[in-house]
Amino acid sequence: MAIFEIGILGRVTWNLHSMNNEGTVGNVTEPRTVVLADGEKTDGISGEMLKHIHAYNVWLLQEDKGQFCQACQKFHPQKADMNPLIQGKDTPEKAMETAISSCILCDLHGFLVQRPAVARPSTVEFGWTLGLPEKTHREIHIHARHSMVGRSREEAEEKQAGEETVERQVPAQMIYHRPTRSGVYAIVSVFQPWRIGLNEVDYTYTIDDEKRKNRYQLAMNAYKATFMRTDGAMTSTRFPHVEAMEGVVVTSETNFPVPTISPLKDGFVEEMESLVTKQRGLSHQKFSNLAELCDIINALANKDIFRLGMPGAK
Ligand SMILES: [Zn+2]
């Protein structure tokens, strides 16, 4: 049996964080608000944020940065589209093959190449991280900064490049409205190891199974780092107090997609326990803290990964 897909469904308790915000208007920073199916509004941290953190951990944990394309070596978001090895490749299959074989990050996290036009969806997916409405609390804190001459250093650091600045030569006090949230959040992620190294234009694997497994283990390690230290916005002054993490890891060891149930729902673990009995090859493991989740990830990382059986495949 080899790992086809992995789903991680959990509830994490974060205190006094400000990890994702709508933006700042004047001196007021607005927290990100999303609406659930029943119309209730809650606090959300976008999938982009967690995916970015996971991708950054892939970059950080890979010792040999030469295994990334030129753009990804510098963690540039353009990825394969900037890969000089792709220039001159005239077909989507050749561009895809080159992009995947020459870069771990482009392979795991996907890319978009404009010429020839070819897109690869990520093998790592994150949904919105959502506050359980009854267990999420928000406050806007007022934060004052004082400066005797000109702008304070902190204020200067916050200014974006190119933004107009007004130098003051008089004592100044700036008032900022900063959101801080505490709550229990639902996290959903799906990882598709069967697609590692797979050229999804002509459906051949571009790298051997040893390399595929190395990439798989790197992605699993990046999951551990992402949950052990979840960075986000405003962590310089609103570093989250992580209190608890619990949930279930569901695994598929046949070519059947892993099911997911939102951890927003009470009883999601029990529902998953029942669901995995409905299909051969599915299994689940519960965790009640971060260390147990890391043990599960470590054990899964030692398994082999699924390879599609294609006619004529090597
Ligand atoms: Zn790349």
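**Entry 1. Nonpolar cores**

I looked up the largest nonpolar core of this predicted model and found that it has 61 residues. A nonpolar core is taken here as a set of buried Ala, Val, Leu, Ile, Met, Phe, Trp, Tyr and Cys residues joined through C-beta atoms within 7 Å. A residue is buried if 20 or more other C-beta atoms lie within 10 Å of its own, exposed if 12 or fewer, and partly exposed in between, with C-beta atoms placed from the backbone. The residues with the most contacts inside this core are V58, A80, A99, C103, L105, C106 and A219. Helix α6 gives the most to the core, with 7 residues. I noted that another core lies apart from it, of 5 residues, among them M19, I45, M49 and L50.

I then took A80 and listed its contacts (C-beta atoms, placed from the backbone, within 7 Å). With residues up to four places away in sequence not counted, A80 touches C69, I86, A99, C103, C106, F111 and V113.

**Entry 2. Numbering and confidence**

I recorded that residues are numbered from 1 along each chain as its sequence is written. The model is predicted, local features need pLDDT of at least 70, side-chain atom pairs count only at pLDDT 80 or more, and totals for chains, interfaces and linings use all residues. pLDDT is the predictor's confidence in each residue, from 0 to 100. The chain averages a pLDDT of 87, and 86% of the residues score at least 70. Over residues 160-168 I found that pLDDT stays under 50, and for this stretch the model has 6 contacts beyond four places in sequence.

**Entry 3. The chain as a whole**

I counted elements as DSSP runs numbered from the N terminus, with helices (H or I) of at least four residues and strands (E) of at least two. The chain has 8 helices and 14 strands. Of its 314 residues, 36% count as buried. Among contacts between residues at least 6 apart in sequence, 73% join residues at least 24 apart.

The 12 residues of α8 should span 16 Å, and its end C-alpha atoms are 16 Å apart, which agrees. L293, I297 and L300 of α8 are buried. Seen down the axis of α8, the buried residues fall within an arc of 65 degrees, so they line one face of the helix. The arc is that of the directions from the helix axis to the C-beta atoms. The face of α8 turned away from this buried side carries the exposed residues A291 and A299. I found that the buried residues of α8 pack against β1 (5-17), α6 (209-228), β13 (241-252) and β14 (282-287).

I next looked at how these strands pair, which requires at least two DSSP bridges between them. β1 and β13 run antiparallel and are joined by 11 bridges; I8 has V249 in β13 as its bridge partner. β13 and β14 also pair in the antiparallel sense, over 6 bridges. Here S252 has L282 in β14 as its bridge partner.

**Entry 4. Single residues**

A71 is placed in helix α2 (residues 70-73). I count A71 as buried because 20 other C-beta atoms lie within 10 Å. Leaving aside neighbours within four places in sequence, A71 is in contact with H76, Q78, K79, M82 and N83. A71 and M82 are 11 residues apart along the chain, and their C-alpha atoms are separated by 6.0 Å.

A186 lies in strand β10 (residues 172-191) and is buried, with 22 other C-beta atoms within 10 Å. Beyond four places in sequence, its contacts are R11, T129, L130, L132, S262, P263 and L264. I also noted that A186 and W128, 58 residues apart in sequence, are 8.3 Å apart in space, C-alpha to C-alpha.

V35 lies in strand β4 (residues 33-35). I count V35 as exposed because it has 10 C-beta neighbours inside 10 Å. V35 and L130 are 95 residues apart in sequence and 9.8 Å apart in space, C-alpha to C-alpha.

How values were computed:
Expected span 1.5 Å × (residues − 1). Contact = placed C-beta atoms within 7 Å.
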